[in-house]
Every structure is written in C-alpha cells, then in structure tokens.
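Student: Please take me through one part of this structure closely. After that, go on to the rest in a single connected account.

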Amino acid sequence: MQQEKWVRKIRAGDQAAFREFYEAYAGAAIRTACAITNNREMAKDAVQETFIRVYRQIDSFNQELPFDPWFYRILTNECLRLLKRESPLSTIESVLNDPSLAEESFDQLTDLYDSIQALDDHNRIPLILKYIKGFSEKEIADILELNLNTVKSRLFKGRMRLREQLEPTRKEDKS
Amino acid sequence: MSKFDERIKRELEEKTDADVHELKEDIWNEINKELFEGRRTKMKHKKRWVPAVFIAAAALVLAFTLQTDPGLALIKSIKDMFAPEKEIIQSIEGQDEPTEVHLNEGRNSEYIIYVDESRYKMIKGEDADVITTIEPLPEKYPEVSMEIRQYPSNKPEALVKEIEEELKIDFPDLRDVETVSEPVEGFWLHGLTEVTWDGKVIDVYVISNGKDGSFVITKKYFLEAAEGHGARFSHMLKSFEIIE
C-alpha cells in the first residue's frame, strides 16, 4: 500500500515522497547491487541510475502489477549492463548463462560470501535476489525474465553447491 | 526458513552493511544533483514538541461499561464472534511472512484488533490503548507505537482538521489530508520530520465510530522502519473492527 502512495506522489512530481521512497528502498538496493557487481563503485552507479530511471519513467510502471519486481528488474539490468561494459566480450545473456571463471578455485573457499560470489552468475544472481530482498521464485523469474522452472533449478543448484562447499559431509538439504 | 537459508541471508546482509552506510548518502546527493539541482528545497525546522491537547470525553462516557452486566455480556459475545487467534500472511520488505495474530479487545470493548503478539503488546490506558514493541527499543530509535483512541462526540471531518493543525507544529511538511480505504476507511494524515534514517514518521487515521464520533489511530515509527514496523502496524490495523 505504501508503494502505491509513493508511486502516486512521485508521478505527481512530489520530491519529498521520492526522498522517502529512496530512504525506504536504498538499503536493499545497495546491498543487491553490491552483491551482484561485487564492485562498490559499479554498484553505486547502478543504484543511482536505477533511482533516476524510476523517477523519470514512473509513468511506464503498470500499477496493476507489483512494484518491487519492476524496480529490481531495472536495478538488475543496470548492474548487468555495467558488468557487461566492464567485460565487453560478454553479453547480458552470457553473464546469466555461462559458467563462472572462478570455478576452479571454488573448492578452496571457506568464507560463505566468497563462496556465493564464486558461484556461476546464473546461480548467484537468483540467490542474491532471494536472500537479500526475499523475492519468491516467481518474482525472480519476472525480474530476470526467465522461466519459473529455470529459476527453481538455478536456486536449487546454487544452494546445493554452497551447502556442499560449507558442509561437505552433508549430501542433502534436509531442511 | 532453514538455518542454512538464514545463514546465507545473514552473510549477505553483514557483508554489505558497510556498503549501505558508506554509499547511501553519496548516491542520494548524486541523484539530487541530477534530478533536482536548482530546485528550491524546503528547509525543515526542528521545533519543540508541543503535546497535542485533544478532547478525552470518551473516558467519562464509557468508563462504567465494564461494571455492568450488559458490559460483561458484550465481552462474552465478542469472544464468540471472533477467532481468538489466526494466521495472516503479511508482506514485509517484499517477503510474504506467515504470522500468528491474537484477538485483542479495545478498552471497554469498543473495538477489536488482531495483534502480532510475538513482537508487540497492547497496553490499555485510561483514555487510549497503545500497541508497542514487547521490549523497549534502544534509546537511539524514535518511538514506535500505534495508539487507538476514541472521541465519541467529535465527527471525523472536524476532528481531522483539528489534528492537522496540531501536527503541523512538529511536522511542517505534513501532507494534505487524504481519504483512504486501507488499512481503514477514513481520513489519513502523513508527516515526516526529516529525511534521515531516524526521521520521525507519523500516520494518523481518523475514522467514523459509526455514530457521532471518531476513532483516531496514530502510528509512530521512523523512516527506516517504514517497511518493517510501519507495514506491520498497517497489517494489524486492517483487522480493526468497531463493536457496536
């Protein structure tokens, strides 16, 4: 409900409402962008650009749909665009689908955050969206414009990989 | 959420905490330059809190209800009418959260509301009831509470104007009164002292009591808690029902 009010106010050009919206959304947006890009400066640019786009393009938001997936689709695309710019040979599609180059070193990692960052991007990004913002599988599928079963599979594999890494004696997630 | 899930969530939060604190203000400054530079920004003046003086005639009118047989019968019928507890799904910070809520009766059985008793408690007062955190928050946090007060002889249309004038003292940028249908149907006032994580937020709902008076529900929290305590209060308030 609060989002609806913010959207209405921002559409009307209410600067104070936009600032309130920023205060409420910036924390999770910064966390998400930092985790996706693993680069503070890039994350800063992505979050900044996202909020600017939201302000300028709020009219394109369909109020029949939930707001958060729309916001995070902009944020995620912006992170991926900046990552792509840093690595001109890769494409957004490849960022989401190619195995990570960090594969070889994965088994030596003991820190959970490093292990998350060492996952393939197509497993890592859905995990970040799930655990930072608490998005459902359906919402993650909407944000990343992927098939729901693809998201389920990637989340499962990502969690399994982390669990194997951190709890090598356990073969299954019994939770 | 399993322990493993919680561990991943906690790890991501902890490892990005410093980023949030160090980047948040810088990013806003850049956004502000890009979108609003050159626009005149209203300065917010810190003003002394002047306690609002509202009419409290309700206490006198209804104080003896519980002393009477009809009053006791009313309580019994309320307990028969509503489930003592139920589970609701509330969306908190984007995540659906199943929460068990418990039936609470307002003072003199004037209303009912379901309270998330795992986090909040309801304190019944002489003139008003207050729902607040079970454990007091550390001093650095502004007040977090939701007060429910009845004004049996003040109609909402007049009362909301009176409250608006009072609030403008502490919330100079108080928004214009709006009519809302959620979480309750009535008038809504919204104010914010300053745009910082601990800026005080106030939401006041003024609704009809079904007769010649009003209920005034005042939510107090702080900006960073808008999607936490603010949202939880709204979910609880959706269950508010007046007992006639």
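**A strand pairing and its surroundings**

Tutor: In chain B, β9 and strand β10 (residues 214–222) run antiparallel and are joined by nine bridges. The model is predicted, so local features need pLDDT of at least 70 and side-chain atom pairs count only at pLDDT 80 or more, while totals for chains, interfaces and linings use all residues. Residues are numbered from 1 along each chain as its sequence is written, and chains are lettered from A and ligands numbered from 1 in the order in which they are written. Helices (H or I, at least four residues) and strands (E, at least two) are DSSP runs, numbered from the N terminus; two strands pair if DSSP finds at least two bridges between them.

Within this pairing, B:Ile202 faces B:Lys220 of β10(B). The two strands form a hairpin with five residues between them, and B:Gly210 has a positive phi near 85 degrees there. β9(B), residues 200–208, also pairs with β8(B), residues 186–192, in the antiparallel sense over six bridges. Elsewhere in chain B, β4 (residues 120–124) and β5 (residues 128–133) pair antiparallel over five bridges. Their hairpin has three residues between the strands, and B:Ile123 stands opposite B:Val130.

Chain B as a whole has five helices and 11 strands. Of its 244 residues, 27% are buried (20 or more other C-beta atoms, placed from the backbone, lie within 10 Å of the residue's own). Chain A has nine helices and zero strands, and 44% of its 175 residues are buried.

The chains meet through 36 residues of chain A and 36 residues of chain B, where contact is taken as C-beta atoms, placed from the backbone, within 7 Å. On the chain A side, the elements that give two or more residues are α2 (15–37), α3 (40–57), α6 (112–118), α7 (121–133) and α9 (148–166). α2(A) supplies the largest share, 13 residues. By type, the chain A side has 20 nonpolar, six polar and 10 charged residues. Here nonpolar covers Ala, Val, Leu, Ile, Met, Phe, Trp, Tyr, Cys and Pro, charged covers Asp, Glu, Lys and Arg, and the others, Gly among them, are polar.

Take α3(A) from that set. Its 18 residues should span 26 Å at 1.5 Å a residue, and its end C-alpha atoms are 25 Å apart, which agrees; the expected span is 1.5 Å times one less than the number of residues. Its buried residues include A:Ala43, A:Val47, A:Phe51 and A:Val54. Among what covers the buried residues of α3(A) are α2 and α4 (67–86) of chain A, along with α1 (3–36) of chain B.

A:Val47 is also in the largest nonpolar core, which has 85 residues. Such a core is a set of buried Ala, Val, Leu, Ile, Met, Phe, Trp, Tyr and Cys residues joined through C-beta atoms within 7 Å. A:Ala33, A:Val47, A:Ile128 and B:Val206 touch the most other members. α2(A) gives this core the most residues, 14. The core lies between domain 1 (1–89) and domain 2 (92–175) of chain A, because both give residues to it; the bounds come from an automatic or database domain assignment. A:Ile128, leaving aside residues up to four places away in sequence, touches A:Thr32, A:Ala35, A:Ile36 and B:Leu12.

Key
Buried ≥ 20, exposed ≤ 12 C-beta atoms within 10 Å, placed from the backbone. Contact = placed C-beta atoms within 7 Å.
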